[in-house]
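Welcome! Here is a short tour of a two-chain model, starting where the chains meet and ending at a single residue.

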2 protein chains.
Amino acid sequence: VTDELTLRRPDDLHLHLRDGDLLRAVVRHSSGPFARGLVMPNTVPPVLTATDAEAYRKEIRDAVPAGHRFEPLMTIKVVPSTTAETVRQARAAGVVAAKLYPEGVTTNSADGVRDVMALALAFAAMAEVGMVLCVHGESPEAFCLDREARFVDHTLPRLVDEVPDLRIVLEHVSSATAVDWVRSAPTGLDGRHRVAATVTVHHLLLTLDDVVGGMLAPHHFCKPLAKRPEDRDAVLAAALSGDPRFFLGTDSAPHRRRDKESAEGCAGVFTAPVALPVLAEVFEDHGALPRLDAFTGSHGAAFYGLAPNEGTVRLVKEPWVVPADHGGVVPFRAGTTLRWQFVDGGDQGPTG
Amino acid sequence: VTDELTLRRPDDLHLHLRDGDLLRAVVRHSSGPFARGLVMPNTVPPVLTATDAEAYRKEIRDAVPAGHRFEPLMTIKVVPSTTAETVRQARAAGVVAAKLYPEGVTTNSADGVRDVMALALAFAAMAEVGMVLCVHGESPEAFCLDREARFVDHTLPRLVDEVPDLRIVLEHVSSATAVDWVRSAPTGLDGRHRVAATVTVHHLLLTLDDVVGGMLAPHHFCKPLAKRPEDRDAVLAAALSGDPRFFLGTDSAPHRRRDKESAEGCAGVFTAPVALPVLAEVFEDHGALPRLDAFTGSHGAAFYGLAPNEGTVRLVKEPWVVPADHGGVVPFRAGTTLRWQFVDGGDQGPTG
C-alpha cells in the first residue's frame, strides 16, 4: 500500500491569482505546493502589455509568503487592440503566453475577441517569437453545453491551419469532442505537438449533475460547464493516459463566497488548496498513480519549452477535512475528508 | 391593437403555497388573479391524508386576504405507505388529486416513491373514485437533462398500461420527448384523454442558458431543469397550440432569497405575481392571444372534471416594473418591465 508520494515540484499551467487583498489571501495555496503557475491576465483592469505583466509579476512576487519559492509565469490578454508589437514586447519581458477569451464567454471577458481571425498578425508574431496561445475555447453564441464543441469545430481548425507555427493550449478541456480534437490535431513541421490541453482538477470529477442535478451548487459552477458523464470520462481518460498533450492547469478561480452565493453567481472553482491531494485520490482510484508525476510535473513544462522543476513535494496518506473557507473563499471539496495530504518537507531544490 | 384583455377567471393547476409565515406572505399573489389553485402537498410535514388535507385547506383559506375569492384544490402526497383506503378517504374529503414524487427528485421528496408500481392498488383506487394522479415525471438516477425523458420512456407507459382508467397529469412538462409522449398517449375507453400535462410560465421562456449559461442564476433554477432551446420550443408550441391536454400549472414555488442564493440552493421559480402578465406577453408575441383564455381557464378544468369558473379577470397593456422581492421572496422577472398588467376590476362572478 502506497502511503507516501513524492512528486517533482509541479506546475499549475492555468491559474487565477486575482490582485490586491484577494491575491494576498489566496496566493499561498498555489505558492506552497506549486513551483510555477501560469497566471491568467483577466484581472480588473486586465494585463494587456509587457508593462502590465511586469507590474503584475512584481505584485504577485511581493504577495508570496516568505519561504515559498514560486515563479509566476506571466500572460497577456488578447484583446481586439493586441498587435504583433504588443506580442514582441511582452515576449521580451518574459511573458510566456497570451490568453484568448471569446467576447463574453466567462469572468471579465466583456473586452474579449469577437472575430478571432482579425488577430491573425498578432498570432503570427506569437508563433515567430515562441509565445503560446492559450485559448478559452467556447463559442458564446452556442447553447451552453455545446459551446466548446462549437469552438473546436469552427474556430480552432482555422487557427491551426492559418497560423502555421502557432502553438495552442486549449484550456480546461471539458468535452469528449475537445479531447478527441486535441488528440487528432496536427503536429508542427518539427514533429512536435502544436496543440495541447490543460485539464482542471474539477473537470476530472464533476458533471452537470453536481452543479444543477441536486440542490444548486454555486461552488461547482464554472466555465466551461461540467458536462455529461461521458464528457467527464473522456477528460479523465486523457489525464490518466500519460499522453503528454494533457497536463494540469487547475483554473483555480477564487471568488468570495458572497459573489458565488448570489442572484448572479460568478463562475469558477477554487481548487488550489486541494489540487494535489484530490489528484492523488483520482489517479490512485484509477490505478494511475505512477502517471501523476508527469501530469503535474513534466508534460506541461515540455510543451512550454521550460526546464523541468528541480526538487520535490511530498504527500502522505493521512485523512484531513478541507476547511469550510479560506478568507471568505470556499475551496473545492470544502468540509469533506480527503485521504491524501500535502505536507511540507519536500526538497525545494537549489535556492537561487 | 389590443390594449385590454378579459379572461375567464383562471385556474392554476400546480401551485406551491407552503405554510405558516411563507403561506401568509405569498398566497395573495395567487388568490388575487386565480379562482382556484391545485395546491401541492410537499409541505413539511407533508399532506398525506384526508385529515391533513382538510387542515391544510383551512390554513390556506384563513390566509387568503379578505375580498379574494379563491378555492384551494387539495392534493395528497403519494408515499410508500399510501393505500387504496387513504385514497378513498381523501376523495371523500374533496381531495381532487394525488401527487407522485419519485424519491429524491425535488424539494422535500426524500420520502418519495422508489418503486412506482408498488403503489398499483392505490392508483387503481384513484381511477375508481375519479382522483387524478399528478406526476413529477423525472427518474432521479438519470443524468439531470435526461430524467424527464427517462421517466416518460420507462415509467409512464407502465402506469398507463397497468392501471386502465387512471388519469394522469405530467406536471411541468419541460422536454420535447415528454410533449410528444403526451400527444401520443392513449385515450380512455370513454374516448376522453387520460393523459394531460401542466405547463409552467417559466418553462415557456427559459433554457438552461438562462440558468448556467451566463452568471449563475439561482432564481431560474427549478426542477425539472429548463433544457435545450428545442425543448423549450416544444413546450411553447404545445401551450400555444390550443390542444386541451396542455394547460397552465405555474409550479410557482416560493423560497426565501437566502435559500436560493445559497451554497445549496433550493429549486423553484416564484411566478405567481407575474404569471398572467407574462403569459399575455408570450401568447401575444406568438400571435396566440385568443388561445390564452382556454389555456388558463378551461382546458385544465375540463380535464379535472370541474365546472369552469364564473366571472372574469382583466389585464391592461400598461408597463410596470416587477418588484425586486415580495417579503423576501424574489419573483420571476424581478426588476424587469412587463407590458401587461393585472388589474382589479374583473367580475369575480356570483358570490357564494
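## The area between the chains

In this predicted model, chain B and chain A bury about 2,400 Å² between them, with 63% of it on carbon and sulfur atoms. Three residues stand out on the chain B side: Phe143(B), Val212(B) and Leu216(B) supply 27% of the area that chain B buries against chain A, more than any other three residues.

Counted by contacts, 29 residues of chain B are in contact with 29 residues of chain A.

## Salt bridges and polar contacts

The rule finds 4 salt bridges across the interface of chain B and chain A. In a salt bridge between the two chains, the side chains of Arg147(A) and Asp209(B) meet at 3.4 Å, N to O.

Which helix gives the most to the side of chain B that touches chain A? That is helix H8 of chain B, residues 209-213, with 3 residues. Taken by residue class, the side of chain B that touches chain A divides into 15 nonpolar, 6 polar and 8 charged residues.

## How the copies are related

Two copies of a chain are related by a rotation about an axis and a shift along it. Here, a rotation of 180 degrees with 0.0 Å of shift along its axis superposes chain B on chain A, with an RMSD of 0.0 Å. That is the relation of a two-fold axis. Among the residues of chain B, Glu261(B) comes closest to the rotation axis, its C-alpha lying at 2.4 Å.

Why do the copies meet through the same surface? Because 100% of the interface residues of chain B are also interface residues in chain A.

## A look at His255(B)

Now for one residue in its surroundings. His255(B) sits in the loop between strand E9 (246-248) and helix H10 (257-260) of chain B. Is this residue, His255(B), buried or exposed? His255(B) counts as buried because its relative accessibility is 9%, and the cut-off for buried is under 20%.

Leaving aside residues up to four places away in sequence, His255(B) touches Arg18(B), Thr107(B), Lys260(B), Cys266(B), Ala267(B), Gly268(B), Gly328(B) and Val329(B). Val329(B) is 74 residues apart from His255(B) along the chain, yet their C-alpha atoms are separated by 6.0 Å.

Note on methods. Residues are numbered from 1 along each chain as its sequence is written. Chains are lettered from A and ligands numbered from 1 in the order in which they are written. This is a predicted model: local features need pLDDT of at least 70, side-chain atom pairs count only at pLDDT 80 or more; totals for chains, interfaces and linings use all residues. Side-chain values use heavy atoms; hydrogens and water are left out. Contact means heavy atoms within 4.5 Å. Buried area is the accessible area (1.4 Å probe) that two parts lose on being put together, summed over both. Helices (H or I, at least four residues) and strands (E, at least two) are DSSP runs, numbered from the N terminus. Ala, Val, Leu, Ile, Met, Phe, Trp, Tyr, Cys and Pro count as nonpolar, Asp, Glu, Lys and Arg as charged, and the others, Gly among them, as polar. Copies are superposed by least squares on the C-alpha atoms of residues with pLDDT of at least 70 in both. Buried means under 20% relative accessible area, exposed over 50%, partly exposed in between (1.4 Å probe, protein chains only).
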